[in-house]
Amino acid sequence: MRVSASPQTTSDERTFTIVFTGLGGRRAELSRLNVSYSRLRDTMCVLLSKGARIQSVSPAGSEPAAAPIESAPPVSAPVTTSKPKPSAKAVPVNLYKPKAPFLGTVTENYSLLKEGAIGRVQHITFDLSGGDPHLEYVEGQSIGIVPAGEDAKGKPHKLRLYSIASTRHGDNLEDNTVSLCVRHLQYEKDGETINGVCSTYLCDVEPGTKVKITGPVGKEMLLPEDEEANVIMLATGTGIAPMRTYLRRMFELREREENGWKFRGKAWLFMGAPKTANLLYDEDFLHYEREYPDNFRYTKAISREQQNPKGGRMYIQDRVSEHAEEIFSMIEDPKTHVYMCGLRGMEPGIDEAMSAAAEAKGLDWSELRPKLKKAHRWHVETY
Ligand SMILES: Cc1cc2nc3c(=O)[nH]c(=O)nc-3n(C[C@H](O)[C@H](O)[C@H](O)COP(=O)(O)OP(=O)(O)OC[C@H]3O[C@@H](n4cnc5c(N)ncnc54)[C@H](O)[C@@H]3O)c2cc1C
């Protein structure tokens, strides 16, 4: 199989029309700009950095002129916007560090599990208003949480990272919150029950509490800008957090209206959980599947309730093996990206399933995977 990155274009003299909304308080109003190809990328970056939502980019003349066409501003032209937005050019990183963290106020903290589920997983939202700089982030990033209190040596606790579970606009679409999906770590050691420091702190934290937040960090799990990309997602447990942000960005009605990014590719979520009661955000994903049957597919592996073809427990890698032919056909398309997130232990199983599937096609997965990685189409964040 030939592995190619998303198609690259070469410079030429064509003129393109960028149609966008959202500048200078004119949030819903369509504006247009004609730019030469050589300035297209920079102009788009400037528009995005100023909070514009790009609706379309097409060769000049091919778009009906519903809005007046303006001439392109200089790349550095100041354009005001009502709310701070992340720049497409520079993904925000480490706006807040452990020595001077942002204090986010918890606005909600509720269980994501159904009755009969194993363990404890909470959805926790923080208000980010009032920061200077504003704590902005994009889909696929993580934030750090510094738990209150001190460690056994009397030193402040170290930060723990958590994948962001909300889109850059936040669950309330006000651009001023961030949400996490946190599993309470609890295990037995020498007959004693040990509770993880930060996950216990977060799972028990009350609304109104101010929590030390750092970041954002991470560029590994960013979504492609291409609205026609295909996105295969492999998640176990809280590894669903970044996938939820992608899927909200792609299919949540109000989010789609807000973000101006009209996903038209194919998204396929493989979700692994021990029990149905442990599935996270399941209703939302079922809703997207009903609303967008041509664009979204949702495949579950429920290890303690379903059996694999060998009669054993059904894990996510069994689902990958089951659909290997289709997955590989999708991977042949340079527009396809694969994202994996969850406990580190999921990686060998997925690797094994992909190796077997590749072999059946006469391919060597150990050669193919680094090529996909190099082409920025294989994204892994496990912990
Ligand atoms: C990029 C990234 C993203 C992450 N995203 C999320 C997320 O979205 N949601 C989420 O819940 N977590 C996420 N994590 C994990 C998170 O950062 C913490 O590691 C987790 O919450 C545990 O922290 P804690 O302070 O509760 O545990 P700690 O008090 O730090 O205890 C953890 C330590 O306990 C020990 N331990 C753990 N399990 C066992 C066991 N069974 N037996 C013996 N010892 C054990 C290990 O030494 C481990 O290092 C992410 C991690 C990374 C790196």
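Two strands are said to pair if DSSP finds at least two bridges between them. Strands themselves are DSSP runs of E with at least two residues, helices are runs of H or I with at least four residues, and both are numbered from the N terminus.

Good morning. The structure shown above is a predicted model, in which local features need pLDDT of at least 70, side-chain atom pairs count only at pLDDT 80 or more, and totals for chains, interfaces and linings use all residues. Residues are numbered from 1 along each chain as its sequence is written.

I begin with a hairpin. Strand β10, residues 186–189, pairs with strand β11, residues 192–195, in the antiparallel sense over 4 bridges. Within this pair, Y187 stands opposite I194 of β11. The hairpin has 2 residues between its strands, and D190 takes a positive phi near 50 degrees there.

Let me now turn to the protein as a whole. It has 9 helices and 17 strands. Of its 383 residues, 37% are buried; a residue is buried if 20 or more other C-beta atoms lie within 10 Å of its own, exposed if 12 or fewer, and partly exposed in between, with C-beta atoms placed from the backbone. Among contacts with a separation of 6 or more, 74% join residues 24 or more positions apart. Two residues are in contact if their C-beta atoms, placed from the backbone, lie within 7 Å.

Next comes an open sheet. Its 6 strands follow the order β8-β7-β12-β5-β6-β9, with antiparallel pairing. The edge strands, β8 (160–163) and β9 (177–183), each pair on one side only. On average, neighbouring strands of this sheet are turned by 40 degrees against each other, direction ignored. Such angles run from 0 to 180 degrees between the N-to-C directions of axes, which are lines fitted to C-alpha atoms, for helices over the stretch in contact.

Strand β6, residues 121–127, is joined to β9 by 7 bridges, and the two run antiparallel. In this pair, T125 stands opposite S179 of β9. Helix α2, residues 197–204, packs on the sheet and touches β6, β7 (142–146), β8 and β9; the direction of α2 makes about 120 degrees with that of β9.

Which residues are closest to the ligand? They are G196, C198, S199, T238 and Y383, from a shell of 20 residues. Domain 2 (102–217) and domain 3 (230–382) each supply at least three of the shell residues; the domain bounds come from an automatic or database domain assignment.

Finally, I come to some features of the backbone. The peptide bond from D132 to P133 is cis, with omega near 10 degrees, and P133 has its place in the loop between β6 and β7. Another cis peptide bond joins G215 and P216, with omega about 0 degrees; P216 belongs to strand β12, residues 210–217.

N94 has a positive phi of about 50 degrees and is found in the loop between β4 (69–71) and β5 (102–111). Y281 has a positive phi of about 60 degrees and lies in the loop between β14 (267–273) and α5 (282–291). Why does N94 count as exposed? N94 counts as exposed because it has 10 C-beta neighbours inside 10 Å. Y281, with 20 C-beta neighbours inside 10 Å, therefore counts as buried.

Thank you for your attention.

Note on methods
Near = placed C-beta within 6 Å.
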